[in-house]
Protein chains: 2
Amino acid sequence: MFALVVELRVKPEMLQRFLEAVEENSTASVRDEPGCLRFDVVQDNDDRHHLFFYEIYADEASFQEHRTAPHFASWRKAAEVCLEEDGGQRNVSCTTLFPRPYR
Amino acid sequence: MFALVVELRVKPEMLQRFLEAVEENSTASVRDEPGCLRFDVVQDNDDRHHLFFYEIYADEASFQEHRTAPHFASWRKAAEVCLEEDGGQRNVSCTTLFPRPYR
């Protein structure tokens, strides 16, 4: 399956607004997209402005579909104003290895 | 819940051995540890020697318990010979934010 690991650094004064956008996007993705199997958001215990998304899609086409959803557009708008301008977001496109089969 | 994001860089000639150790450790962790809820292994689509673990534990005590398991000792032994010596492993201790409640 297609996995996306996203590492994010949020401007300190923007954390609350960012988390609202992220909750909406992660919730809507799993609820409304049959191809989005998981969209977890975790926060660094040593730096609350440092977050990761862990997203799983049935395949890469499902991920491309995700990027056309209305909740994705809202999240991009929030990301533009909330993320650090230098190194605010790093995406790594991956494939699940284990567990096998993925569940 | 307690989450651990681990980023790994494997010596090219060691990938096969490393993946065997990782399959054993990730499978045994979820199977044998009631406090280990998820142990996913994903591989960068652009660099097969670049991997992530995404681990979820009921709480930090469950994670500390994980580090005393026999399969953890085997994995550490493999990691010592298989990972790049410089920047081979980065651990980030996190807390799950979404979905809420976590599932």
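Let me begin with a count: over all chains there are 14 salt bridges, where a salt bridge is a side-chain nitrogen of Lys or Arg within 4 Å of a carboxyl oxygen of Asp or Glu. One of them joins the side chains of Glu7(B) and Arg90(A), at 2.9 Å from N to O. This pair crosses between chains, running from Glu7(B) in strand 1 (residues 2-9) of chain B to Arg90(A) in strand 4 of chain A; helices (H or I, at least four residues) and strands (E, at least two) are DSSP runs, numbered from the N terminus.

A word on conventions before going on. This is a predicted model, in which local features need pLDDT of at least 70 and side-chain atom pairs count only at pLDDT 80 or more, while totals for chains, interfaces and linings use all residues. Residues are numbered from 1 along each chain as its sequence is written, chains are lettered from A and ligands numbered from 1 in the order in which they are written, and side-chain values use heavy atoms, with hydrogens and water left out.

How are the two chains related? Chain A can be laid on chain B with an RMSD of 0.0 Å by a turn of 180° and a shift of 0.0 Å along the axis, the superposition being by least squares on the C-alpha atoms of residues with pLDDT of at least 70 in both. The two copies are therefore related as by a two-fold rotation axis. Of the residues of chain A, Tyr54(A) comes closest to that axis, with its C-alpha at 4.0 Å. The same surface serves both copies, since 100% of the contact residues of chain A recur in chain B, contact meaning heavy atoms within 4.5 Å.

Turning to the interface, 33 residues from chain A and 33 residues from chain B take part in the contact. The area buried between them is about 2,600 Å², of which carbon and sulfur atoms give 55%; buried area is the accessible area (1.4 Å probe) that two parts lose on being put together, summed over both. Between chain A and chain B there are four salt bridges, including one from Glu7(A) to Arg90(B), whose closest N and O atoms are 2.9 Å apart.

Which elements of chain A give two or more residues to the side that touches chain B? They are strand 1 (2-9), helix 1 (15-32), strand 2 (36-44), strand 3 (50-57) and strand 4 (89-98). Strand 4 of chain A gives the most, with eight residues.

Two peptide bonds also deserve a mention. Most peptide bonds are trans. The bond from Phe98(A) to Pro99(A), however, is cis, with omega near 0°, and Pro99(A) lies in the segment after strand 4 of chain A. In chain B, the bond from Arg100(B) to Pro101(B) is cis, with omega near 0°, and Pro101(B) is found in the segment after strand 4 (89-98) of that chain.
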